[in-house]
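Here is a briefing on one protein model and its ligand. Look at the structure, then read the points by topic.

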Amino acid sequence: MGLDNALAPLLETRRQQHLYRQRAELGSPQGASVILNGRPMLAFSSNDYLGLANHPRIVRALKRGVEDYGVGSGASHLICGHSREHHALEEELAAFCDRPRALLYSTGYMANMGLISALVGRGDRVFEDRLNHASLLDGGLLSGARFQRYGHNDVQALEKRLSDDGPGHQLVVTDGVFSMDGDLAPLPELARTCGTKNAWLMVDDAHGFGVLGDKGAGTAEHFGLGVDDVPILMATLGKGAGVFGAFVAGSETLIDYLIQFSRPYIYTTAMPPALAAANRESLRVMVEESWRRDRLRTLIARFRHGAEQLGLPLMASETAIQPILVGDDARVMAIGRALLQEGIHVGAIRYPTVPRGSGRLRITLSAGHSETDIDRLLEALARVFGQDGGAELL
Ligand SMILES: *Cc1c(COP(=O)(O)O)cnc(C)c1O
């Protein structure tokens, strides 16, 4: 069968299941107000939690970086692409996260694939929270280690599966802040369990970095956990930090090992040095403008209070990710479209990003929003959910 003839029916099935995805075209910088498909929208859908993606200081740092280093990095880190900017950023990230050393990856997806597959393999076991990000699941599968998922945040179930001694290594992997639910992993309990069972704990803090903790170092800082508790810390730079890229922070030995053995680190072109310069400036802004985290907290409280008064099905999240559970995939898409008509863009999330039957609006708040923006969102939600919870939209 020809290629297109084989693929076309699969696309058709996707459409019939209401799972066909389309990309909207962004015609503006990321921010509270954007131009989406040519129309002005109030946006509650990006991961730019601190409002840094278009911050003037970070924009200037990127431009300066291009003037100093050009556009392309030209090679992988191990050949000749590792610039002074990358190196300085790694040192600053390590200090910021209170870890001995850090290593840059081009994206979080690659970091997760590269980490897990370098640390465990055949004969080892990897344990993952059922709601972990796709890149963590893919990394676990790629590694060839025996792969087991445990119930969401169910430390007791995990503990039962971990063995006290070999054979092989045991790696426990969790999101710090769950990307589609917004809740936190119970890191102190996980760290304790991993300690007693001689398992290695890896935390993906894509949605905690920049947002949680006094200085914004993330979920580990929030819980006061050091490198002994969370020996493998990974976070991304394209969300709270507002730029692009990812990193792993841990011991000297861990980082040295990854440089030697992590294939997605070794066999890829380094991120452009100007992006490293922009990330360095973002770190400084995150520290100096700590009001952004305070403001985000205020907005989260305002949103939750308003949504509770409307009787909307909020989830147990205190973070910038504030999902509203809808359930049915077709209904969540219809509600998303109705909000677009109101000039509001929120993520309408369905299977396979979340389990079947748990379609939701993934509302994300940012320090870039104003209180008026939050009130406009609440008014639109009140209209769209109406008395029948949006059922008439179908
Ligand atoms: C976004 C995300 C990633 C991937 O990071 P990128 O830099 O976008 O590739 C990994 N893990 C989690 C939990 C994420 O939300």
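Glycine 226 lies in the loop between α9 and β8 (232-236). Helices here are DSSP runs of H or I with at least four residues, strands are runs of E with at least two, and both are numbered from the N terminus. This is a predicted model: local features need pLDDT of at least 70, side-chain atom pairs count only at pLDDT 80 or more, and totals for chains, interfaces and linings use all residues. Residues are numbered from 1 along each chain as its sequence is written, and side-chain values use heavy atoms, with hydrogens and water left out.

**Glycines in loops**

- Glycine 226 is partly exposed, at 25% relative accessible area. Buried means under 20%, exposed means over 50%, and partly exposed is in between (1.4 Å probe, protein chains only).
- The C-alpha atoms of glycine 226 and cysteine 97 are separated by 8.7 Å. Along the chain, these two residues are 129 residues apart.
- Glycine 72 sits in the loop between α2 (56-69) and α3 (77-81). Glycine 72 is exposed, with a relative accessibility of 54%.
- From glycine 72 to serine 83 is 11 Å, C-alpha to C-alpha. In sequence, the two are eleven residues apart.

**Backbone exceptions**

- Most residues other than glycine have a negative phi, and most peptide bonds are trans.
- Asparagine 37 is not a glycine, yet has a positive phi of about 50°. Asparagine 37 belongs to the loop between β1 (33-36) and β2 (39-44). Its relative accessibility is 54%, so asparagine 37 counts as exposed.
- Aspartate 98 also has a positive phi, near 60°. Aspartate 98 is in the loop between α4 (84-96) and β3. With a relative accessible area of 62%, aspartate 98 is exposed.
- Tyrosine 351 and proline 352 are joined by a cis peptide bond, with omega about 5°. Proline 352 is in the loop between β11 (344-349) and β12 (359-364).

**Aromatic pairs**

- How many aromatic pairs does a search of the whole structure find? There are four. Rings of Phe, Tyr and Trp (its six-membered ring) pair if their centres lie within 6.5 Å; planes under 30 degrees apart count as stacked, over 60 as edge-to-face and the rest as tilted.
- The ring centres of tyrosine 105 and tyrosine 265 are 5.5 Å apart, and their planes are at 70°, so this pair is edge-to-face.
- Tyrosine 105 is in strand β3 (residues 101-105) and tyrosine 265 in helix α11 (residues 263-266), so the pair ties together parts 160 residues apart in sequence. Tyrosine 105 is buried, at 2% relative accessible area. Tyrosine 265 is buried too, at 4%.
- Phenylalanine 209 and phenylalanine 247 make an edge-to-face pair, 5.2 Å centre to centre with 70° between the planes.
- Phenylalanine 209 is in the loop between β7 (200-204) and α9 (219-223), and phenylalanine 247 is in strand β9 (residues 246-250), so the pair ties together parts 38 residues apart in sequence. Both phenylalanine 209 and phenylalanine 247 are buried.
- Ring pairs also join Phe96, Phe209 and Phe247 into a cluster.

**Charges over rings**

- A charge sits over a ring if NZ of Lys or CZ of Arg is within 6 Å of the ring centre and within 35 degrees of the ring normal.
- Arginine 15 has its charged end over the ring of tyrosine 20, 4.2 Å from the centre.
- Lysine 215 has its charged end over the ring of phenylalanine 96, 5.5 Å from the centre.

**The ligand**

- A polar side-chain atom of histidine 207 is 2.5 Å from a ligand oxygen atom.
- A polar backbone atom of tyrosine 109 is 2.9 Å from an oxygen atom of the ligand.
- An N or O atom in the side chain of histidine 133 is 3.4 Å from a nitrogen atom of the ligand.

How values were computed: A polar contact is a pair of N or O atoms within 3.5 Å; within protein, one must be able to donate a hydrogen and the other to accept it, and residues adjacent in sequence count only if both atoms are side-chain atoms.
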